[in-house]
Amino acid sequence: IMPDNYEHYITRNIKAFYKKRLFSPIIYLLLLAILWVVLPLGNMLHPHTMEKEETLQAAYQSKDRYTRTTFHDLRFTGYTSEAYGRTRGYYYYTMRDKQCVIVLLTPRTCEEGLPSIASLTVTGRVVRGQASFQALMASLATDLDWTESGISSQVSEYYFSEPDYHVTATTILFIVYFSTMIYAILYILTCLVCIRFPVLSPPCQNLVVFGHPAKLLAQAEEELATLPQLATEDMFITEHFFIMTSPDANAVVPIQEILWIYKHSTLHKILWYHFSISYTMHITANKHMYVNCPKNTKSDIDGIMDYLAEANHNILVGFSEENRLKVEAVQGKPFHIEKFYALLRRKV
């Protein structure tokens with residue numbers, strides 16, 4: 001009888017495998033939550049509706065900088081905002097709550113600079129005037145024969161900018177934000193299900209093509225716990241199963257279903273310094289099952305391959321075009337997705 005640490009060994013490793021994979025999506029969700037708090041993402045998604053009596057300064061200071069509001073009696077100042085050699089907006093002015101405010105509209109909204117607009121409901125961003133805004137104030141002061149301090153006392157230092165609410169960029173941002181968030185949540189839920197019910201994990205459910213996954217898993221667990229035929233660090237052979245429990249993947253394959261095994265080496269290096277060689281064993285089984293066993297030593301791989309070849313004399317050993325054609329004759333032509341995976345493996 002083998003030591004107790006092989007009791008439910010496959011199940012324990014599947015649980016450990018998915019527990020490790022909880023870390024990255026949880027950190028990513030925390031990062032998304034931080035971004036939601038730090039950046040005005042909520043305000044961008046649902047712009048604040050600014051009432052007529054609410055000032056731009058009040059909206060800015062309350063962090064409601066992305067707003068939707070209605071302006072009346074807009075007048076074109078004659079000045080535009082340029083960026084990268086293109087006109088990004090046209091400056092208008094209007095009276096709001098007994099104060100003159102500046103409104104920057106996109107060329108499309110104002111039809112390339114209409115002289116006046118009676119009423120306009122628009123979504124944009126409340127911006128505090130910087131250098132370009134101060135230059136506009138200086139130019140308006142010259143046009144009106146006012147002093148800069150005089151016009152500053154009459155015009156709000158905050159202005160409304162429609163071009164600063166980037167509709168396309170905002171849409172793309174939230175599509176990426178919510179789609180990746182949903183993916184991370186679904187991945188976490190999948191991991192939790194696999195931790196709670198290991199038999200529902202992909203390594204076990206892949207056995208459905210050979211029989212009942214729960215029964216086959218129980219049989220593999222029992223054989224591994226009582227009498228494993230061969231064991232390496234993360235690969236095992238029992239009477240009826242090949243079992244892999246590595247940090248990269250888990251797999252359970254009935255030996256009688258294996259068609260082809262072969263290995264290839266990977267040279268690991270940093271710049272010009274070669275520091276190690278690892279070996280990957282590839283297993284092709286019936287029903288289009290494929291298992292890769294990476295990052296192993298040559299002696300471990302050779303031992304496993306020799307034992308599998310002895311346990312099932314029908315297994316083809318070694319990579320060759322002849323063996324590939326024999327497997328294809330049994331399996332049929334590979335699915336398109338399998339061809340894609342094979343291409344990726346060759347590229348890597």
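These legends describe close-up views of a predicted model.

**View 1. The largest cavity and its lining.**
The structure holds one cavity of 30 Å³ or more. The largest cavity has about 30 Å³ of space. Its lining consists of Thr55, Leu56, Arg96, Asp97, Gln99, Val101 and Ser156. By residue type, this lining divides into two nonpolar, three polar and two charged residues.

**View 2. The second largest pocket.**
About 240 Å³ of space lies in the second largest pocket. Its lining is made up of 15 residues, and Tyr93, Cys100, Leu144, Ile151 and Val155 are the ones nearest the centre of the pocket. Two or more lining residues come from each of these elements: strand E3, strand E4 (99-105), helix H5 (131-144) and helix H6 (148-154). Nine residues of the lining are nonpolar, four are polar and two are charged.

**View 3. The aromatic pair of Tyr6 and Tyr9.**
The count of aromatic pairs in the model comes to 19. One of them joins Tyr6 and Tyr9, with ring centres 5.2 Å apart and an angle of 45° between the planes. This pair is classed as tilted. Tyr6 and Tyr9 are both buried.

**View 4. The aromatic pair of Phe76 and Tyr92.**
Phe76 and Tyr92 also form a tilted aromatic pair, at 5.3 Å centre to centre and with 40° between the planes. Phe76 belongs to strand E2 (residues 66-83) and Tyr92 to strand E3 (residues 86-96), so the pair ties together parts that are 16 residues apart in sequence. Are the two partners buried or exposed? Phe76 has a relative accessibility of 26% and therefore counts as partly exposed, a class that lies between the limits of 20% and 50%. Tyr92 has a relative accessibility of 0%, so Tyr92 counts as buried.

**View 5. Arginine side chains over aromatic rings.**
Arg21 places its charged end over the ring of Phe17, and the distance to the ring centre is 3.7 Å. In a second case, Arg65 lies over the face of Tyr60. Here the distance from the ring centre of Tyr60 is 3.9 Å.

Notes
Residues numbered from 1 in each chain as written. Predicted model: local features only at pLDDT ≥ 70, side-chain atom pairs only at ≥ 80, totals over all residues. Heavy atoms only, no water. 1 Å grid on protein atoms, 1.4 Å probe; cavity = no way out; pocket = protein on both sides within 12 Å on 5 of 7 lines; lining within 4 Å. Points joined across faces, edges and corners; volume = space filled by probe spheres on them. Nonpolar A, V, L, I, M, F, W, Y, C, P; charged D, E, K, R; others polar. Phe/Tyr/Trp six-rings, centres within 6.5 Å; stacked < 30°, edge-to-face > 60°. Buried < 20%, exposed > 50% of the residue type's maximum accessible area, 1.4 Å probe, protein only. Helix = DSSP H or I, 4+ residues; strand = E, 2+ residues; numbered from the N terminus. Lys NZ or Arg CZ within 6 Å of the ring centre and 35° of its normal.
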